[in-house]
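My notebook is open, and I want to look a few things up in this structure. Come along and check each entry with me.

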Amino acid sequence: MASLHLTDLTPFLPKSHATRRPSRFIIPRASSSSSSSSSPSTNSIAKTRRQFVAETAATVAAVVPLALSSLEKEAKADEFPQLSEWERVYLSIDPGVVLLDIGFVPDDPKHGFLLGTRQTILETKDGGNTWVPRSIPSAEDEDFNYRFNSISFMGKEGWIVGKPAILLYTSDAGESWERIPLSAQLPGDMVYIKATGEKSAEMVTDQGAIYVTSNRGYNWKAAVQETVSATLNRTVSSGISGASYYTGTFNTVNRSPDGRYVAVSSRGNFYLTWEPGQLFWQPHNRAVARRIQNMGWRADGGLWLLVRGGGLYLSKGTGITEDFEEVPVQSRGFGLLDVGFRSKEEGWAAGGSGVLLKTTNGGKNWARDKAADDIAANLYSVKFLNDGKGFVLGNDGVLLRYVS
């Protein structure tokens, strides 16, 4: 989310020193009679040698600090890319940590939590400018290294889910967290949770199970009657390509503000949708040739779709549909991984090797933020909590904060 070895100073010396070799000194053999005392010629040669060594040392001493300063500036420029509308927030976490979700307390918008792999939970109390590791005793187990997948707040109540199966709940804005027991029969791993009201939440697993609770997680009620595997294997004549005898899981799942879901199959060969009140997930053939990477909701209620290899598609109109059209993007050949909309007009797409794109017309056209090309990380997730607060989450602990 590099070390400098000065093994060869030649590239940093002035051209005159780097390309011109010093003259060879020829010292005449002293006679036996003069072996005990130096002749004027020998003294002159020795003085010349000392002068050369002293001058060379002085040159190197003067050049090395300049070289180091130049390299430090270059390294710092690479480490701190100047983005047009984002700033990088540096985190004190282990290299290799992938950031997965972020959430803030509605009653205290400067107070938030950041989740990731390797049991990572960070806390901020200044709106995301600085983050410190947060220890939650009920989430610490020497036998597990939790991957915290999702967080959600409503009022002072908050929820966290992770893998292996873990559910945390707070009623005091995250000052304390308690662990809620879960059934061992839970189908799949919990990948998403949404706070929906007082002591209420909605939880989704990677096998398509949707559960709701209204008593702070002590009891859960199924919102769908069967997992996605059961639905697809029961309806083998549904005409969905690749759906027969499906035993996979979701690759991604995203929820709209009004409670609708869109999910991508693990192989990316079809997608599924669900709306409140439906008893089963609805499978859909992909409308594009390449496999789907991710899907989600635009601010106007329509869908966006990313394919493997960097393509971006928008649904025609709003709501759930199978009718998509491709829009041109400059992804530099790297795959796009997520899209987030700040408003109906402005949105951002992020992807591999620091790819960051912006639209100001609802997704019809995208421009690349070239400064982000210097970020040596994959950008996995774009999160806008409101029109003024946004974050981009990546691997190696890379976190970008929206500042425009």
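Entry 1: For my own reference, buried means under 20% relative accessible area, exposed means over 50%, and partly exposed lies in between (1.4 Å probe, protein chains only). The chain exposes about 20500 Å², and carbon and sulfur atoms supply 48% of that area; the areas come from the Shrake-Rupley method with a 1.4 Å probe.

**Entry 2: what I am looking at.** This is a predicted model, where local features need pLDDT of at least 70 and side-chain atom pairs count only at pLDDT 80 or more, while totals for chains, interfaces and linings use all residues. Residues are numbered from 1 along each chain as its sequence is written, and side-chain values use heavy atoms, with hydrogens and water left out.

**Entry 3: helices and strands.** I found three helices and 28 strands in the chain. Both are DSSP runs numbered from the N terminus: helices are H or I with at least four residues, strands are E with at least two.

**Entry 4: the core.** Which residues have the most contacts inside the largest nonpolar core? They are F148, I151, I160, L168 and W177, in a core of 15 residues. A nonpolar core is a set of buried Ala, Val, Leu, Ile, Met, Phe, Trp, Tyr and Cys residues joined through side-chain atoms within 4.5 Å. Strands β3 (108-116), β6 (147-154) and β8 (166-170) each give two or more residues to this core, and β6 has the largest share, with three. I then followed I151: leaving out residues up to four places away in sequence, its contacts (heavy atoms within 4.5 Å) include F113, L115, I160 and W177.

**Entry 5: a sheet.** I traced an open sheet of four strands, ordered β10-β11-β12-β13 with antiparallel pairing. Strands pair if DSSP finds at least two bridges between them. The edge strands, β10 (190-197) and β13 (221-222), each pair on one side only. Strand β12 (residues 210-213) pairs with β13 over two bridges, and Y211 has A222 in β13 as its bridge partner.

**Entry 6: salt bridges.** I counted 14 salt bridges, each a side-chain nitrogen of Lys or Arg within 4 Å of a carboxyl oxygen of Asp or Glu. R298 and D300 form one at 3.1 Å, N to O; R298 is buried at 9% relative accessible area, whereas D300 is partly exposed at 34%. D323 and K316 meet at 3.8 Å, with D323 partly exposed at 38% and K316 partly exposed at 44%.
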